[in-house]
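Dear colleague,

I am handing over the structure shown below for your records.

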Amino acid sequence: MIDPRRFDDLARRIQASLPPGLDEVREDVTRNIRAVMAAGIARMDLVEREEFDVQSAVLARTREKLEALELRVRALEERFAEPERNLDQ
């Protein structure tokens with residue numbers, strides 16, 4: 001999930017930019033800002049950093065296995081192609 005401290009920091013900065021005469025509505029504005037930001041981020045279909053890191057590790061392992069398999073296939077193709085070369089001569 002997104003760090004709630006970021007919401008608080010952004011809400012504080014917006015709140016600080018409000019004119020001084022609006023002190024009584026600052027809390028209401030802060031709550032509304034947080035709600036709007038949370039709803040917007042929820043619609044973005046984001047993944048958590050931890051899940052991203054896990055999937056990156058899975059992808060790296062899969063890539064390594066694929067490269068190893070490609071080498072094996074290439075070696076097998078070369079091995080089985082040799083008798084064909086001998087028959088052609």
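Helices (H or I, at least four residues) and strands (E, at least two) are taken here as DSSP runs, numbered from the N terminus. On that basis the protein contains three helices and zero strands, and its pattern along the sequence reads α-α-α.

Please note that this is a predicted model, in which local features need pLDDT of at least 70 and side-chain atom pairs count only at pLDDT 80 or more, whereas totals for chains, interfaces and linings use all residues. Residues are numbered from 1 along each chain as its sequence is written, and side-chain values use heavy atoms, with hydrogens and water left out.

Confidence

The predictor's confidence in each residue is given as pLDDT, from 0 to 100. The average for the protein is 82, and 85% of the residues score at least 70. Confidence is lowest in H1, with a mean of 75, and highest in H3, at 90. Where pLDDT is low, the predicted coordinates should not be read in detail.

A residue is called buried under 20% relative accessible area, exposed over 50%, and partly exposed in between (1.4 Å probe, protein chains only). Of the 89 residues of the protein, 9% count as buried.

Helix H2 covers residues 26-43, which makes 18 residues. From its first C-alpha to its last, H2 reaches 26 Å, close to the 26 Å expected at 1.5 Å a residue; the expected span is 1.5 Å times one less than the number of residues. The buried residues in H2 are Arg 26, Thr 30, Ile 33, Met 37 and Gly 40. They lie on the same side of H2 because they cover an arc of only 100° around the axis, the arc being that of the directions from the helix axis to the C-beta atoms. On the face turned away from this buried side, H2 carries the exposed residues Ala 42 and Arg 43. Just after H2, Asp 45 takes a positive phi of about 55°.

Charged side chains

A salt bridge is counted when a side-chain nitrogen of Lys or Arg is within 4 Å of a carboxyl oxygen of Asp or Glu. By this rule there are two salt bridges.

One joins Arg 13 and Asp 9, at 3.3 Å from N to O. Both residues belong to helix H1 (residues 4-17) and stand four residues apart, about one turn of the helix. Arg 13 is exposed, at 53% relative accessible area, while Asp 9 is partly exposed, at 35%.

The other links Arg 49 with Asp 53, whose closest N and O atoms are 3.1 Å apart. These two residues lie in helix H3 (residues 49-88), four residues apart, about one turn of the helix. Arg 49 is exposed, with a relative accessible area of 58%, and Asp 53 is partly exposed, at 38%.
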